[in-house]
Amino acid sequence: MTRTVLAGGHVLDVLSGVVERSDLAFEGDRIVSVATGLDGDVVVDCAGGLLVPGFIDCHTHVCLSRTLGSTQPYSLPRSAVPLSAVPVLATLLRLGVTTVRDAWGADAGIRLAVASGWIDGPEVLISLRQLCTTGGIGDQWAFGLGGFDSFADPAMPDPVSEGEVGARAAVRRMVRAGADWIKVTATGSIRFPDAHDVQLTVAEMAALVETAHRHGGRGVMVHAHAARAAELAAVAGARSIEHGVWLDEAAVHAMASADCWYVPTLSATHGGSARHDGDLAEAHRRSVRLAIDAGVPIAMGSDAPVQPHAEVLHELAYLAEAGLGAMGALRAATVNAARLLGLSTDRGVLAAGMRADIVLLNGTEPDVAALDQRVRAVWRGGTRVSRE
Ligand SMILES: [Zn+2]
């Protein structure tokens with residue numbers, strides 16, 4: 001087996017935060033050694049660079065770049081929606097994102113296409129659609145039209161349910177269609193009054209979590225902008241709270257007690273046109289500070305294409321500014337993201353036995369500002385990513 005050595009650079013140990021001059025060797029898709037003075041069949045000069053683990057985005061939407069925010073989101077031919085993921089996935093991989101959790105929109109075919117090598121991309125974990133109660137975000141309904149299904153695709157099951165029995169059935173529909181994670185919306189969208197509602201009952205949320213866990217130990221990721229919905233989901237055993245723009249002390253303490261993760265997706269209120277959302281952005285950063293103080297574990301999620309996928313690494317800068325600091329942001333996008341996704345024995349740190357998901361950055365400082373400008377090379381599972 002070919003032994004590749006990334007030689008002459010520095011290596012970041014994300015666990016300790018230490019940057020040291022070191023080489024890294026991998027064979028096949030596995031790292032075999034991190035030490036000085038290594039040799040191998042292929043040697044890549046990494047002088048002046050920093051090796052970090054491949055980035056993990058715990059909340060993205062790889063199939064929505066042409067529909068979310070579009071004035072005519074339902075005008076695309078059906079096949080165009082998944083095909084729009086092809087350039088998105090290539091972009092993410094070139095930026096060093098080697099694993100993503102899709103928070104709705106991608107089906108099992110996207111995961112299969114990447115795993116089979118038909119298209120280039122990060123490994124994709126899917127959730128299919130957003131489970132909700134009647135009138136929730138995933139419930140597509142319009143005056144004059146009534147209920148409709150923009151996917152019109154039996155591989156994207158109906159996400160709407162009522163009551164405990166309905167909630168269990170909705171989870172099972174997603175599991176049947178291949179969901180790795182169960183996505184649930186407990187509040188409305190950020191810019192509408194129902195962002196502060198608690199749309200599910202305690203019994204419904206508990207039924208979702210219990211049924212997801214019953215099927216292969218799947219986790220539930222919960223869209224919750226406001227504190228009471230986040231608290232209810234955490235107490236019910238949700239694995240992660242997404243967004244959480246308006247958390248409070250009770251919510252973060254419930255999350256910390258339940259070992260529930262926080263994926264802030266600060267890009268939703270920062271960056272691009274959202275730069276003008278001063279109040280929302282400040283509320284969001286306050287939630288991050290409350291979570292840090294309460295000891296809630298935090299993982300990186302961009303919520304792209306809320307901002308373009310090409311700007312995914314800006315999320316690390318927002319996390320750093322919100323209180324995690326550069327090293328905390330790097331951990332949120334590597335080792336901590338791997339822990340949330342249940343993959344920490346396989347990736348998230350650069351160590352022998354781990355998957356060779358590696359990013360070579362220009363410069364040896366573990367900064368996160370303008371990170372996308374610093375990506376020199378990327379390996380996913382030991383395969384170097386084409387820069388074309
Ligand atoms: Zn999202």
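A residue is termed buried here if 20 or more other C-beta atoms lie within 10 Å of its own, with C-beta atoms placed from the backbone. By that criterion, Ala281, His284, Arg285, Ser287, Val288, Leu290 and Ala291 of helix α8 are buried. The structure is a predicted model, and the protein is divided into domain 1 (3–53 + 348–384) and domain 2 (55–340).

**Domains and their contact**

- The centres of domain 1 and domain 2, taken over C-alpha atoms, are separated by 29 Å.
- Contact between the two involves 18 residues of domain 1 and 20 residues of domain 2.
- On the side of domain 1 that touches domain 2, the elements giving two or more residues are β7 and β19 (375–380).
- Strand β19 supplies the largest share of that side, namely three residues.
- Sorted by class, the side of domain 1 that touches domain 2 comprises twelve nonpolar, two polar and four charged residues.

**The largest nonpolar core**

- The largest nonpolar core has 124 residues, of which Leu51, Leu208, Ala230, Ala233 and Leu316 touch the most other members.
- Helix α9 contributes the largest share of this core, ten residues.
- Both domains take part, since at least three residues of the core are drawn from each of domain 1 (3–53 + 348–384) and domain 2 (55–340).
- Leaving aside residues up to four places away in sequence, Leu316 touches Met300, Ala329, Leu330, Ala333, Val368 and Leu371.

**The open sheet**

- An open sheet with mixed pairing is formed by six strands, in the order β3-β2-β7-β18-β19-β20.
- Its edge strands are β3 and β20 (383–384), each of which pairs on one side only.
- Strand β2 (residues 10–13) pairs with strand β3 (residues 18–21) in the antiparallel sense, over four bridges.
- Within that pairing, Leu12 has Val19 of β3 as its bridge partner.
- Four residues lie between the strands in the hairpin of β2 and β3, where Gly17 adopts a positive phi near 80°.
- Strand β2 also pairs with strand β7 (residues 49–53), here in the parallel sense and over two bridges.
- The bridge partner of His10 in β7 is Leu50.

**A buried strand**

- Strand β8 (residues 55–60) is largely enclosed by the rest of the structure, because six of its six residues are buried.
- Four bridges link β8 in parallel to strand β9 (residues 97–102).
- In β9, Asp102 is the bridge partner of Thr60.

**Helix α8**

- Helix α8 (residues 278–294) has 17 residues and spans 24 Å from its first C-alpha to its last, close to the 24 Å expected at 1.5 Å a residue.
- An α-helix has 3.6 residues a turn, so residues three or four places apart point the same way.
- The buried positions of α8 include Ala281, His284, Ser287 and Ala291.
- The elements that cover the buried residues of α8 include β16 (240–246), α7 (249–257), β17 (261–263) and α9 (314–332).
- Just after α8, Gly295 has a positive phi of about 80°.

Note on methods. Residues numbered from 1 in each chain as written. Predicted model: local features only at pLDDT ≥ 70, side-chain atom pairs only at ≥ 80, totals over all residues. Pairing = 2+ DSSP bridges. Expected span 1.5 Å × (residues − 1). Buried ≥ 20, exposed ≤ 12 C-beta atoms within 10 Å, placed from the backbone. Contact = placed C-beta atoms within 7 Å. Core = buried A, V, L, I, M, F, W, Y, C linked by C-beta atoms within 7 Å. Domains from an automatic or database assignment. Nonpolar A, V, L, I, M, F, W, Y, C, P; charged D, E, K, R; others polar.
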